Amino acid sequence: MSKSILGLDKKESANLVDNLNGLLSNFQIYYQNLRGLHWNIKGKNFFELHVKFEEFYTDSQVKIDDIAERILTLQGKPLHTFTDYINHSSVPVGKDVSNDVEAVNLVVSSLSELLKIEREILDVSDEANDEGTNSMMSDFIAEQEKTIWMLNSWLGK
């Protein structure tokens, strides 16, 4: 078994890089959705949601950078083109969404998809003894679960 400079198995690290690039791609789509929601939201909840979507996309920007830097730490190369993001993502793309309920449902479905990916990465990083990635995924999961709960409460679910 060949080890990286971090003491991790190189093949397992390469697998984690692939998984993290998938997460990076999905976060980029999620981020772009949030920008569109922020710009296009209309109605009585405009002021509340306009600010909330900005909060979410600002947080996503930090997470995107964290994911890309983790990929680099694992000696991989982060994807960085929109073509790559589209080809490696499963988060739904929201186009021309301006209705408050539709917008919040898009965020909930996007976060649910991100959670699936993060849980898969958590399993892979656990098997690889990669505590750095494991910790990052655990933090993302805990925060996003709470956000889903709050958004579902806003939706009356």
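I took contact to mean heavy atoms within 4.5 Å. I also noted that this is a predicted model.

**Entry: Ile67**

I looked up Ile67 and skipped its neighbours within four places in sequence.

**Entry: the core**

Next I looked for the largest nonpolar core. I found that it has 44 residues. Which residues have the most contacts inside it? They are Tyr30, Phe53, Ile67 and Val107.

**Entry: helices α2 and α4**

I turned to a helix pair. Two packed helices are described by the angle between their axes and the distance between the axes. I looked up both for helix α2 (residues 46–73) and helix α4 (residues 100–127). Their axes come within 12 Å. They cross at roughly 15°. Angles under 35 degrees count as roughly parallel, so α2 is roughly parallel to α4. I recorded the crossing of α2 and α4 as left-handed.

Which residues make the contact? From α2 I listed Leu49, Phe53 and Phe56. From α4 I listed Asp100, Ala103, Val104 and Val107. I sorted the residues of this contact by kind: six are nonpolar, none is polar and one is charged. Phe53 and Val107, both in this contact, are also among the core residues with the most contacts.

**Entry: Leu16**

I went to helix α1 (residues 10–40), where Leu16 sits. Is Leu16 buried or exposed? Its relative accessible area is 0%, and buried means under 20%, so Leu16 is buried. I again left aside neighbours within four places in sequence. Leu16 is then in contact with Leu74, Ile121, Val124, Ser125, Ala128, Asp130 and Thr133.

I followed one of these partners, Ser125. Leu16 and Ser125 are 109 residues apart along the chain. Their C-alpha atoms are separated by 6.8 Å.

**Entry: Ser125**

I placed Ser125 in helix α4. Ser125 has a relative accessible area of 0%, so it is buried. Which residues does Ser125 contact, leaving aside neighbours within four places in sequence? I wrote down Leu16, Asp130, Thr133 and Asn134. Asp130 and Thr133 are also on the list for Leu16.

Terms used. Residues are numbered from 1 along each chain as its sequence is written. This is a predicted model: local features need pLDDT of at least 70, side-chain atom pairs count only at pLDDT 80 or more; totals for chains, interfaces and linings use all residues. Side-chain values use heavy atoms; hydrogens and water are left out. Axes are lines fitted to C-alpha atoms, for helices over the stretch in contact, and angles run from 0 to 180 degrees between N-to-C directions. Helices (H or I, at least four residues) and strands (E, at least two) are DSSP runs, numbered from the N terminus. Angles under 35 degrees count as roughly parallel, over 145 as roughly antiparallel, 65 to 115 as roughly perpendicular and the rest as oblique. A crossing is left-handed if the near helix is turned anticlockwise from the far one by less than a right angle, and right-handed if clockwise. Ala, Val, Leu, Ile, Met, Phe, Trp, Tyr, Cys and Pro count as nonpolar, Asp, Glu, Lys and Arg as charged, and the others, Gly among them, as polar. Buried means under 20% relative accessible area, exposed over 50%, partly exposed in between (1.4 Å probe, protein chains only). A nonpolar core is a set of buried Ala, Val, Leu, Ile, Met, Phe, Trp, Tyr and Cys residues joined through side-chain atoms within 4.5 Å.
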